[in-house]
Amino acid sequence: MRAMTTTNDSFSAFTRLDTQSGPLGIYQLSALRSLNPDFDRLPFSIRVLLESLLRNCDGFIVTEDDVRRLATWNAQAPAQVELPFMPSRVILQDFTGVPVLVDIAAMRAAVARLGGDPQQINPLVPVDLVIDHSVQVDFAGTADSLARNVQLEYQRNRERYTFMRWGQKSVRNFRVVPPATGIVHQVNLEYLAQGVLTRVRDRDGELLAFPDTVVGTDSHTTMINGLGVLGWGVGGIEAEAVMLGQPLFMLTPQVIGCRLTGTLPAGVTATDLTLTITQLLRKKGVVDKFVEFYGPGVSALSLFDRATIANMAPEYGATCGFFPFDQVTLDYLRTTNRPAEVIDRCERYYKAQGLWRTDDMADPIFTDTVELDLSTVEPSLAGPKRPQDRVPLHAMQSSFRKALAAPVKEQGFGIAAADQGKTVATQLPSGTSASLGHGAVLIAAITSCTNTSNASVLIAAGLLAKKAVAAGLAVSPHVKTSLAPGSRVVTEYLTRSGLLPYLEQLGFHVVGYGCTTCIGNSGPLAPEIEQAVTQQGLVAAAVLSGNRNFEGRIHSAIKANYLASPPLVVAYALAGTVDRDLSREPVGHSTAGQPVYLKDIWPTAAEVEAIVSSVITPAMFQASYGSVFDGGADWKAIAGNDEGDLYSFDDTSTYIQEPPFFQTMGRTPDAIRPIVSARVLALLSDSVTTDHISPAGDIPEKGPAGEYLRGSGIRKVDFNSFGARRGNDRVMVRGTFANIRLKNQLVPGVEGGVTTHLPSGERMSIYDASVRYQQDQVPLIILAGKEYGTGSSRDWAAKGTLLLGVRAVIAESFERIHRANLVGMGVLPLVFTDGQNAEKLGLTGRETYHIEMPTELLPRQPITVTAEREDGSRLHFTARSRLDTPVDVRYYQNGGILHTVLRDLLTKSAKS
């Protein structure tokens, strides 16, 4: 390599790297070594961020001071300044991707209205949209389940898919992976991620190489960190800004080192390890921090296992869980059929940049550390309501019984002692009868990229099924079983190994290639079963190999949800209940009446490894991904003819509508004004998730969204899901804060999306109340507790909040992504100060609120709030603005990120 100075090479860092396919330009990190005596012990994740700053240093978006600050990163006290990160690419799934594309179409329309060129609105970085969130498990347990579910998927989503075809044809730098291909994060892991990317330099046409980094509109984008690709989930609005060339501003992260030692004991899976790490890191406290794994135990983990751990970073609260690039990473790229030039480029680049991990190098210096001996991990599940609540397998029965009796506020179900042994006899569709009690497993789903990307646990599930069939075990007909692989590669290796038929004999037929049960697309239960459970108040259970189990998420009739490895999912399907100790009691009985224990059918590590190493080949990945963007006959048949720059919105559509965000936007923003005489729309407690806020899952017929669809001539059978209708703000705003488990303290003792309208005192839906308030020009606020907005990176949790007329949210604390999304939509996030909260301040939610706005708005500024009680008395308290950076302030002043981008583009166009 030889140095070459360029016009923006302030640190003389530009060099050339020789590769098999020719020389590549790089910005070498070692040019910064003189700035920090401990430079070579910076965490790898910090070095990746630093490369982005170094490469993009232009004195405007990224300054030399930005580079110097990060190069001298202080582990114990990272500088609390904004970091302008420029991710290399963006990845979307269709639930969140469609509203992104709708916003692009709406922005094009707005630019045209304001006299600009719509073609200004195109992604400036590569964008991939993977259609994986629309398939539902309407049919399961039969050989034709996949075909029937796919047929229904296309029927329900033809209009959405036509719109996405428009995007693929009309929007540059935008690719679409068609339905029935796989789950977004698994497709990213197995195909889209390249380790090192290249682009043509602006001035001389030379190819420039740089690390693959990514942000995505799904919180589990973090899975790609298992491949050494730094990435995490952001809101749709942040993703759109990145797509349009804006930096992702973030505070300089703290990095927590998680040191792994030892090896996993026999009988323990990667899922058990991941649930253990989730519990460990939640207890440690890593919210808004990077986690980086190091230590000798890292080399003992396969890439599959690393990806499973990285996937659940949102569950342990971290921005990401990063595994540096090493030989295991490179071997996985070979296994998954990445091109030879990509593999060569990755090896040469990461070694040249000091980004290649080895066991003998000095440990990085971290903000803090935590350690886990892998040999101490034991078989586990997590639940029944939160992914961090790990339950050892041997304690599962006692844990469930404890939760059954515990009060709801203690994550329990509040079932009285006299009712805990209740059973209900019900007739099943098969003609047989079943006796259901608390803990009856109604859904057993091998689902989610968390585990279906991991060949070891999938093979283990197949081997357990094989042994169970040989032992004469069967799944009770009250259990809805499903297998939803994250890619077609999974089906291929289960077929080649001869294990798929055994899973099918137990009812685990392939139902679709996409996110299903894990995101609430579990489909219907048998009406007889659902009626028995809901009418009799049974606490039924679901066991799934997913990453989220918040109450109400998996199925509205199922209250207890447990995360488990795929083989344990099969085991609990066989047992038919979580109210059994599978470490001591039989899983079931053979046809001869003999007890069969879990240890009798559990596969050994050697059995699993023998199949993994023999059946998984690069050719499988070539066959599955060779024409991944083409789609099958169904996809090609729905190709739209609308290829113009502007999308023709149809006002009668119930799927795609032009949102109101930009329809009245001017070239300059209005001045910021105080929020005066606001009312509380909802008074909420701790741990309100985006599942509570954002519309998700099935659209209930009796509710504002269902009433709107019925009024538009849509039959209940054609409602589809909220996720499928995210492109229609008229549906989504009606489903915001409509979760059946929402507990609004303005209506104590009532669950669901209802509130008390004030001052009338009338009880009504949150949507109807918001309409009435907006008609009366009354601004609204939300009062909340700790961890407000925890959960998936759902931009509609912020968009819906805005469209309901909410101007500010005052909480004890916010989840990272949701806070950013609120800012991105122009909603003011505020936090109580000095340990206060609504309860301590005596706030009932019936007050009228006045929020002062300083003339000069600054980051994290104290804001005075006045609550005027019904008797006329007033309470003054101070809240702190969570506009964390000057950029946040600018976004808020403009009414959001996209308004800022649009105005900047129009200004730039006017000057040019």
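Student: Why is Glu378 called partly exposed?

Tutor: This is a predicted model, so every value is computed from it. Glu378 has a relative accessible area of 26%. Buried needs under 20% and exposed needs over 50%. The value of 26% falls in between, so Glu378 is partly exposed.

Student: What makes Glu378 and Arg390 a salt bridge?

Tutor: Their closest N and O atoms are 3.5 Å apart. The cut-off is within 4 Å, so the pair counts.

Student: Which parts does the pair tie together?

Tutor: Glu378 lies in the loop between β15 and β16, and Arg390 in strand β17, so the pair ties together parts that are 12 residues apart in sequence.

Student: Is Arg390 buried or exposed?

Tutor: Arg390 has 19% relative accessibility. That is under 20%, so Arg390 counts as buried.

Student: How do you know that Arg357 is buried, and what about its partner Asp359?

Tutor: Arg357 is at 8%, under the 20% limit, so it is buried. Asp359 has 52%, over 50%, so Asp359 is exposed. Their closest N and O atoms are 3.0 Å apart, within 4 Å, so they form a salt bridge.

Student: Where do Arg496 and Glu492 lie?

Tutor: Both are in helix α15, 4 residues apart, about one turn of the helix.

Student: How many salt bridges does a search of the whole structure find?

Tutor: It finds 48.

Conventions:
Residues are numbered from 1 along each chain as its sequence is written. This is a predicted model: local features need pLDDT of at least 70, side-chain atom pairs count only at pLDDT 80 or more; totals for chains, interfaces and linings use all residues. Side-chain values use heavy atoms; hydrogens and water are left out. A salt bridge is a side-chain nitrogen of Lys or Arg within 4 Å of a carboxyl oxygen of Asp or Glu. Buried means under 20% relative accessible area, exposed over 50%, partly exposed in between (1.4 Å probe, protein chains only). Helices (H or I, at least four residues) and strands (E, at least two) are DSSP runs, numbered from the N terminus.
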